[in-house]
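Please keep the sequence and the model in view while reading.

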Protein chains: 4
Amino acid sequence: MIEGYKSHREPVLDRRLRLGFVGGGRGLVGHWHAAGARLSNQWDIVAGAMSSDPEVAKTTGRAWSLDPDRTYGSYAEMAAGEAARADGIDAVAICTPNDTHFDIAKTFMQHGIPIILDKPMTNTIEDADKLVEQARSGDHFLTLTYPFAFHAMARQARHMVQNGDLGRIRQVNVEYLQDWAVDPPDPDIQGRAWRNIPERVGRSSAVADIGTHAYHLLKFITGLETKELRADFHVCGAPKEVEDTAYVNLRMEGGVPGLLWVTQAAPGQYCGLRIRVWGEAGGLSWDQEAPEALIHAPLHEPERHILRGQGTGLCTEAERLVHLPRGHPEALSDAWANLYSEIAIAIAAKISGQPVPPDFLAIPTPEMGAQGVRFVNACADSHEAGGVWVTL
Amino acid sequence: MIEGYKSHREPVLDRRLRLGFVGGGRGLVGHWHAAGARLSNQWDIVAGAMSSDPEVAKTTGRAWSLDPDRTYGSYAEMAAGEAARADGIDAVAICTPNDTHFDIAKTFMQHGIPIILDKPMTNTIEDADKLVEQARSGDHFLTLTYPFAFHAMARQARHMVQNGDLGRIRQVNVEYLQDWAVDPPDPDIQGRAWRNIPERVGRSSAVADIGTHAYHLLKFITGLETKELRADFHVCGAPKEVEDTAYVNLRMEGGVPGLLWVTQAAPGQYCGLRIRVWGEAGGLSWDQEAPEALIHAPLHEPERHILRGQGTGLCTEAERLVHLPRGHPEALSDAWANLYSEIAIAIAAKISGQPVPPDFLAIPTPEMGAQGVRFVNACADSHEAGGVWVTL
Amino acid sequence: MIEGYKSHREPVLDRRLRLGFVGGGRGLVGHWHAAGARLSNQWDIVAGAMSSDPEVAKTTGRAWSLDPDRTYGSYAEMAAGEAARADGIDAVAICTPNDTHFDIAKTFMQHGIPIILDKPMTNTIEDADKLVEQARSGDHFLTLTYPFAFHAMARQARHMVQNGDLGRIRQVNVEYLQDWAVDPPDPDIQGRAWRNIPERVGRSSAVADIGTHAYHLLKFITGLETKELRADFHVCGAPKEVEDTAYVNLRMEGGVPGLLWVTQAAPGQYCGLRIRVWGEAGGLSWDQEAPEALIHAPLHEPERHILRGQGTGLCTEAERLVHLPRGHPEALSDAWANLYSEIAIAIAAKISGQPVPPDFLAIPTPEMGAQGVRFVNACADSHEAGGVWVTL
Amino acid sequence: MIEGYKSHREPVLDRRLRLGFVGGGRGLVGHWHAAGARLSNQWDIVAGAMSSDPEVAKTTGRAWSLDPDRTYGSYAEMAAGEAARADGIDAVAICTPNDTHFDIAKTFMQHGIPIILDKPMTNTIEDADKLVEQARSGDHFLTLTYPFAFHAMARQARHMVQNGDLGRIRQVNVEYLQDWAVDPPDPDIQGRAWRNIPERVGRSSAVADIGTHAYHLLKFITGLETKELRADFHVCGAPKEVEDTAYVNLRMEGGVPGLLWVTQAAPGQYCGLRIRVWGEAGGLSWDQEAPEALIHAPLHEPERHILRGQGTGLCTEAERLVHLPRGHPEALSDAWANLYSEIAIAIAAKISGQPVPPDFLAIPTPEMGAQGVRFVNACADSHEAGGVWVTL
């Protein structure tokens, strides 16, 4: 049985897995995927179709020290080429704009290559459902990258909710605040210009980009499904055709009310993803900009600042994600490494035909990817209908 | 011309003003009013009808060192008695449950005694409008106690918005989080039991109690009127007939969107009133639990933590409210003292027939009190209609 | 038996006590004493010799709304005048420069008037010892104003140490950082110019001014006596003849090492008094600039942020000092009010011939005042001898 | 000319460099070196003598996915073996206890292999001087790993001091607080047991372990040499033969006073390295547990919280170290990656015969390593002589 990793990050198989990239050669998204893969010590990055421009793809492959034979001019060539090699990639990371996810993922699935897809899964529910169907019918591996759930303290938060430390959940709040959309779009900032083009982002920009993270984290920590929602979209930054701000009221399982609020037009906010959960017996608060501490307020008792770190009473699931001792801060690269480690464990299990312990991993299923797309579209439905309640 | 006070808190007239209390003998509200009056050094507390129970009223009067002759068994006696004295009170502080405000205020107005009324003004819009009408037609002094606007840094925030430091406002957020309603109502905690009785609180409990503070502060700092709102009420704490939680979406002047959120059922939150305002050129954040710092994020520049304190570049309006140097923390008692000082300045001006500098004071007008009542009722209207947009 | 006060600040006798001031008419020190006395609701300020300049004394008396008959041109007149009145003051607050304390205190003692003396007690050990001897031999009331010990959370810290929550104390650290001495002395800032004049401050400026606070708080919370110390004085701000910075190594009872560090020349530090205490079983940290929280780190457990507030598990001694609920911040004025309340309790007991519960009060004894003077002089001794260890 | 790296971490040569490890197979130190090397994307870890126990060395090599041919039973074999290969390692990371550094480093230098040595360089000044002499006479590359200087905000702090933003420096303070030495030594915690054995750690444990970091960072940021010091060693945690706590007074260049304080026996402190620097025109504060913010207090102006992040006015040297945008936190792994990147740039320049821009890198010279050893021994000298001032 594949058991996972220890304090030292050591490959779960007797070799590192082989990873290829589609897109990501420039811009931040590819950087994060690559940093996570490298720091995890589970992966060698060996192939890529890093750009839709063949010249850029070649330059980038060189910059990444890829073998020129494995620097491809298109994702289709790459899928075919890698599938044909004995030492072909064990997975592909797809880091391209949302509207291209479906075709690329479908192509790699057709070649039997496991898929690591940046979120959101697709722009439309139809495409998302087709990917789920194909993945399930062919037993293909496909996951989405929601890295914030891979912080040790987010895992600890989930455990404490499951453990009943908060009692019955009564109210939730998640906000994700940034400020880059205050300025007019800058075509020179890779990975951002397309976010203002409706054809590329689909019916939503901010909700699709960061709202999906907030939605995923809320479900991940509380375990509660959102049943209905009501959304208003706004442009609070530079004029644009897509929303940069959204207010979403939630009705969750058991009638628990909540708020989900995202903006990319709040000067002084950079990546302010903060979740607060309150139950009958206490509250929890976690902020990804200060990810080392989980603040637990047991009702009528002093607030406890639970710090990441080994041997300090964290739950087993959280301890597995801890690699530096308390006070030696881990941050976003470490979370990405945890994400890429859990993906490696799952794929290694598949390669070696061994089972993974149940409930061991937190890597999203294809269905969870599609659920994120449903969330985005439900927000757009509600907004377009004037802010009415819609069922999710 | 009455010019106000200096670093040392010195009476604006050659004597301290005389203050009487209706209610407030037990419980927190009276404590705050009294603390503010005493610390301001503008007032002597000389008379009271501190309870609707004559025995309690007498005991309390003794405990407050009042002259037994000026410890009254009812507010009506007190209004009449004080109006008849040459050294009668210069103002009355009314610290009773909401549903009694109208009759008490009307009675003191009839005797020509200036009125300091705890918020909200009344339960119904009709009563509020009548009080405004009576105050205006008789040129009576009537104000409401919204103390948070009397922190130096809230004043500084208002100045910075007016000064254009944030550019055009694009989005606002105010939250006010407490946790006392998690527990079942405790009849032994004075000043709380009535908050769960619909007949006493009117159509709303949490919005009327703390939502009005949030609404007032938002208007105070941003200067923006709320044009429309949409509210959902919830019970997230112990079962009760009135809401302890409300989510309110705002459409403000100029189409600025905003959120106002209050709850009294969030374990670990005690008096978490926090306001965040973002404009084209920067953001501001202020938290009443850490009132010494105003956080200013000019777009693309480092965050500035502006601390209360003299001679440090605060605006004149804020400097007037500063009595201790930076690092020697002022807090809620100091804000109440500032409130009672500004009230004293206004009443002293009236007594001495002198003008007060225009825009000098921040004490709410009767109309602002009535506007708070309109806000509460609009929230209730929206909620009762299923969360529709209503005009304020 | 005098039992002290409740949530509401109510006079312990059936009248407020009568307080007079020597000095303090301008500048900060008098402001604090007056604010504490007023907010405590235990005192009426009725007499004063507020300045050594008779004209200023008169103006200030008027500004404070004092009866002109009780506005004195000198402290000697005041002592005689008040002693002769049936309604004479119950205590005098002495808020003058250090070098004048001895003569003024002696004079008021000769007239049998209880004394509230700003720290440090005197400049010289000889004078301090004489005051102690006179106070004790005549059973005169004399105390010193160290307000930081009157924060509820400092009281809670003391309780937790006494209660063994930290186990045996192993190391202590106290720092007090300000920045006003970076600038050249400004003769216009009352209460500061004399602090740079050796004749007035004695052998030390910074240690006498803020080091005594740090020393007192350290002893107050830990209960440990300092046995030996080693001090270096420095000028880190504008050139001056007295130190603005001192590093003091401590050897406390039981061989516990410690550091005490004060500076008035650290830009960006305003009143940064912070104490940290570590024992075998945990640590405590408290910062007077954020006085509402006491941070307790039990060994190997999450840090607990214990917040001031009633009904939350604070010790009885701390609860007595709490007047606003959690989240409604109390700060320095509230601590001064607690100080003036405890002084009132002690004097009221003396007036009424009733006992005060043992260990009830934290108001410094005359001996503790003299000990502060010994500390200042020991630091100067060590420094002048080149930083050698000296016995305290 | 070798120019360094960009936002994306790309190898500076057309291949990654080859790294070998001596020690580090278990315990934290090796983990950090390996994490930094991997995340930097400049290195492949290809060889190792990971333990002095050959069986452990073999197991660890397998766990690290090393080629069995390059998993050596001793460092001497490794040095000889790698030197003989055409694809031999480009550098060796030495992660063994202090007392072994000298022999291992000398051996690798004899084989011409560049050396990355964990601090402190050696236990004795003699050994350190010999290593410096050998490195300089043979033009060998040798550096020490002080990772905290490789945080972008530590680099920004150095720049601001150099740029005169603080004016003339007047006072410095650095503290490094941990708590692991409260408990009795646990032989099962790798990398710690030897720290309590005098023969292995030399004359100092805490100063050698964390004091050297504090000393290096102080020199790095302020540029000031320590001229004289005075140290007291204490045991504040579990009984042991070496100090776990030290207080060090500093006299720096130009008469600037300072304090350096380290302890490993402060419950609730985990890796609390904090530096504060004050000059005539302002102060700076940086805390490695919250490494994203540099707090700048310009005299008489609001405190500025300068956050790491691109395009936000950081100096060029700091921007080079930034790989994630503001709000997407970087932490210790990222600093280690920066360290391993700068080492790679230097070694790549040597390999390719190209110059590195002057003042480009912050990797310590051999002389700086020896200076750290001098600091440790001067502290021991002072302590052993009763806490006298000694020249450094």
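In which sense do strand E3 and strand E4 of chain A pair, and over how many bridges? Strand E3 (residues 91–95) and strand E4 (residues 115–118) of chain A pair in the parallel sense over 3 bridges. The model is predicted: local features need pLDDT of at least 70, side-chain atom pairs count only at pLDDT 80 or more, and totals for chains, interfaces and linings use all residues. Residues are numbered from 1 along each chain as its sequence is written, while chains are lettered from A and ligands numbered from 1 in the order in which they are written.

**The sheet of chain A**

- Chain A holds an open sheet of 5 strands in the order E2-E1-E3-E4-E5, with parallel pairing; two strands pair if DSSP finds at least two bridges between them, and helices (H or I, at least four residues) and strands (E, at least two) are DSSP runs numbered from the N terminus.
- Strand E2 (43–49) and strand E5 (142–145) of chain A each have a single partner strand, so one side of each is left without a neighbour in the sheet.
- On average, neighbouring strands of this sheet are turned by 25° against each other, direction ignored; axes are lines fitted to C-alpha atoms, for helices over the stretch in contact, and angles run from 0 to 180 degrees between N-to-C directions.
- Within the pairing of E3 and E4 of chain A, A:Val92 stands opposite A:Ile115.

**Helices of chain A**

- Helix H3 (residues 75–84) of chain A lies across strand E1 (17–23) and E2, running at about 130° to E2(A); residues are in contact if their C-beta atoms, placed from the backbone, lie within 7 Å.
- The axes of helix H6 (residues 152–162) and helix H8 (residues 206–222) of chain A come within 7 Å and cross at roughly 45°.
- H6(A) and H8(A) are therefore oblique to each other (angles under 35 degrees count as roughly parallel, over 145 as roughly antiparallel, 65 to 115 as roughly perpendicular and the rest as oblique).
- In this contact, A:Ala154, A:Ala157, A:Arg158 and A:Val161 of H6(A) meet A:Leu217, A:Phe220, A:Ile221 and A:Thr222 of H8(A).

**Relations between chains**

- The contact of chain C with chain D takes 24 residues from each of the two chains.
- E9(C) gives the most to the side of chain C that touches chain D, with 4 residues.
- Chain A can be laid on chain D with an RMSD of 0.0 Å by a turn of 180° and a shift of 0.0 Å along the axis, copies being superposed by least squares on the C-alpha atoms of residues with pLDDT of at least 70 in both.
- The two copies are thus related as by a two-fold rotation axis.
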